[in-house]
Structure formats: C-alpha cells, structure tokens
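This note sets out some points for a student who is reading the structure for the first time. Please keep the sequence and the model in view while going through them.

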Amino acid sequence: MSTPKKRSSAFNKKLWSIHSWVGLYAGVVIAVLSVTGVLALYKVEVDRTLNASLFETAPGPQPVPISAVVDSLRSVHGAEYHTQTYPPKQAADTWKATFIIPSGLAFEQLEVFIDPYSGHVLGERDYTRSFAYFLRTIHVRLYESLFGRQIVGLAGIALLLSTITGFWIYGRFMKNQLLAAIRTKNLRIKMADYHKLIGVATLVFNLMIAITGAWLGLQRFVQPVVVGDRPGGFEVAEKPLTEAEDLAFAVDYGRVVQTSALLFPEFVPHFIQSSRDGSRTLRIMGDVPGAAYERHTFSLTLDKHDLSELHRYDIREAPVGEKLFYLQESMHFGDFGGIALKLLYSFFGITSGFLSLSGFVVYLKRTERKRSNHPTFVELKPLLLRWTYGILGVCAVLAVLQLNFGPVIPAILVIIAVYGTLLVLLIRALVLFVRSRFAKVAVS
C-alpha cells in the first residue's frame, strides 16, 4: 500500500518528467520567441529610425489640404487597392496612404508618405520588404506562413506547462536556500540553481506571456468558439450608395481628423478607413493615451456625407469580457506604457530565453557521460555555439531574402525546411518501426 509521501514523490517525478521533456522539445522555439519578442517590442522605433526621411518632416506654418494628394495616388495605384490613410500624430509627422496591390503569389503593401506642409510625396516603399515587417513576422509566425501562428500558440501552451510544473517542483527552492544562494560546485548545479531562481522570480510574467501568447497564436480557432465575432464591430442598417459610388466618394481627410477631435477629444486617430460596400462610412481607428488595451482598437464611425457620428467604440465603457479580449495583445507586447514598460518587458523577456538555455545546459551536462560514448558526441560549448550560429545564420538569411525579394521566397524555404524535416523524421520512424516488427517476427 502506497503512503501519501510515496504518492507525492511519484507525482513530483511525473511533473519533473513533463517539465523536462516540454522544455527539451519546445525550448529552442521558446528561446527564439523570447529574443524575437524583445526585438519586436521596438519595431516601430527601429522603423522610424531607419526611415526617418519618410516618417518625419520639418514643421511648416500651415498644413495644406491632403485629400487632393491622396486622390491623385488613388488614380495612379487604383482606388480599389487603397486601404487606409494615416494622419500625423505630431507636428513633425507625415501623412501616409497605404495600398494593398496583388503581386504574383503574394501582395505588395505599398506605403506612400506625404509632407503635410507641402503636399509633396516624400517617398514610398513596400512594407513587406521592411525590417519592421521582418521583426513582426519572425516573432508572430516564425516566418512559416501556413501554420506558423498556431505553432507559436502551441509554444505558448508549452511555456505555460513548463512554468506551472517548474513552480510546483521548485517553488520551495526560495525557502530551502537562504536568500536563494547559488551553489557553485559545478556548472550543472550552478545553472540549475539559476534556472530555479529565475523561474520562480519571473513566474507571473511567464504565466502572462504564455497565456496571452497561446491565445494570440490559436485565436483563429479559439475565438469563434469562445468569443464569436470580434467585439466593437458596426454595420449600418441600410446602404445608401452603390459600391462604385462609395469607392469614388470624396473624403476631406483633414476635416475628418478635426471632427474626430471635436467628437472624441481624448481619441488619437491612427488611421482612417473608407467604406467601399455602399455603406457611406468612414471608420477611424485609434487609441486613448493611458488605456492599457490593444493598439488602435478604439474607433469612431462617421457618415461620409456630413461626418455625423454613427457609432463609437470606447473599450473603457465595454463589458468586462470585451475588455479582457482587448487586454490580451497589450499585455503580451507591453506597448501601452511607453519606453519604460518596454525596457521592463525586455528584461523579463530575456530571462525567459535564459530559462530555456539554462535548462538545456543542465540536461546536456546531466547526460554528458552517457552521450560521450556516442560517435556524434560534441562537447557543451561548441554544441551551444553551433546552435547559436545556426539560428542567427538562418534569421540573417531570411532577413536578407525578405528585404531584397519580399516575403514569399523566405516563407517557401521555411515551409520546405520545416515540413521536409518532419516528413524525413516520420519516414525514419516508420522505417525503424517496420524493422523492429520484422525483427520480432524473425526471432519468433
């Protein structure tokens, strides 16, 4: 008959096994997501720094009407491809008009930047060939365009399991060792103590990142079941125009910004989206400073005809469930509290990567004697360097390909590499299984 102490010991062994195997198989992905997540925190700042001549201009005495410039761009690039118009938030900022233009297997996300004081076009670019797009894509979907987002979501679940089991196993570490002293007997023990200490100290942050990361990655499948449609949507009851009339309807973008400031003074517009389905509406998406919700999810909907307010979505006045919905992304990226919060997120994000690295070091040192008899054995330091250089090299190649040729070629290469590797491993497993079955039959 088993005693409570034995049952507890067996339970802890199972948890330790789960913690070890989850960390071993998902650790590399979690480490990559940790580093890329820290970099992605600053993608806006990096983008503005690398392209200051597009985003910034010298303030003039008086802005000029911008609508005529946007209309001329629509006639050049196609009104049907015009998606949004971005007003300046500060005196030195430029206007931006975006166009989604089909291009072969993908699309070109054209951004055209306009000087608000002269009306001159300062330049244009395909956003999908920008470094900011690379930072976002490598973190959000690991550059795998089929199921990359879901793979990241599964990594969030793995981090959640690893965090919970690790705390359950090592939570008493802080009590059992005076001031969480780090033992230095050897590298394995030293890294194990750091692993436990940092894991316990960053418990809340890792739980938050794991839960929100899993939600964002698997949102495509989970949201329809749990939430339904995205909160805050609005549709007019009747459509007074044809689609062609709606597409051609003239919009005074400067007046739209002024009207939104009068109707919703706290609201900072991020972009203006014009309807094309006959509803004759303008949807203005933006933010309220100090509100800790997903970026650009406050909204005003105006009638194109007289700019009267048709609908307002203020998340602060929404039900609790909708507030929680729009907290997910902001809590995951920490981009609602300025540079100070981003620096704090960066610190904790790096510690998440360190947990993966230290876990690998502990595993490799613990199994070193057993592995040393294998012909392919590589010592710890060169092995870690190989992995580091390999991951950095792959990221560098993807970045160079994307910046020069767009996202299609690197995405195809990643798809081939990921699913080609899985196919090879599956075939290998099947061959080994068949061999073992034939061997058993031969013996019998």
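1. The model is predicted: local features need pLDDT of at least 70, side-chain atom pairs count only at pLDDT 80 or more, and totals for chains, interfaces and linings use all residues. Residues are numbered from 1 along each chain as its sequence is written, and side-chain values use heavy atoms, with hydrogens and water left out.

2. The C-alpha trace spans about 80 × 50 × 45 Å along its principal axes. Of the 444 residues in the protein, 42% are buried (under 20% relative accessible area, with a 1.4 Å probe and protein chains only).

3. The protein contains 16 helices and 8 strands. These are DSSP runs numbered from the N terminus: helices are H or I with at least four residues, and strands are E with at least two.

4. Strands pair if DSSP finds at least two bridges between them. Strand E1 (residues 82-86) runs antiparallel to strand E2 (residues 95-103), joined by 4 bridges, and Tyr86 stands opposite Lys96 in E2.

5. E2 also pairs with strand E3 (residues 106-114), in the antiparallel sense and over 9 bridges. Phe99 has Leu110 in E3 as its bridge partner. The hairpin of E2 and E3 has 2 residues between the strands, and Gly104 takes a positive phi near 65° there.

Definitions and conventions: Buried < 20%, exposed > 50% of the residue type's maximum accessible area, 1.4 Å probe, protein only.
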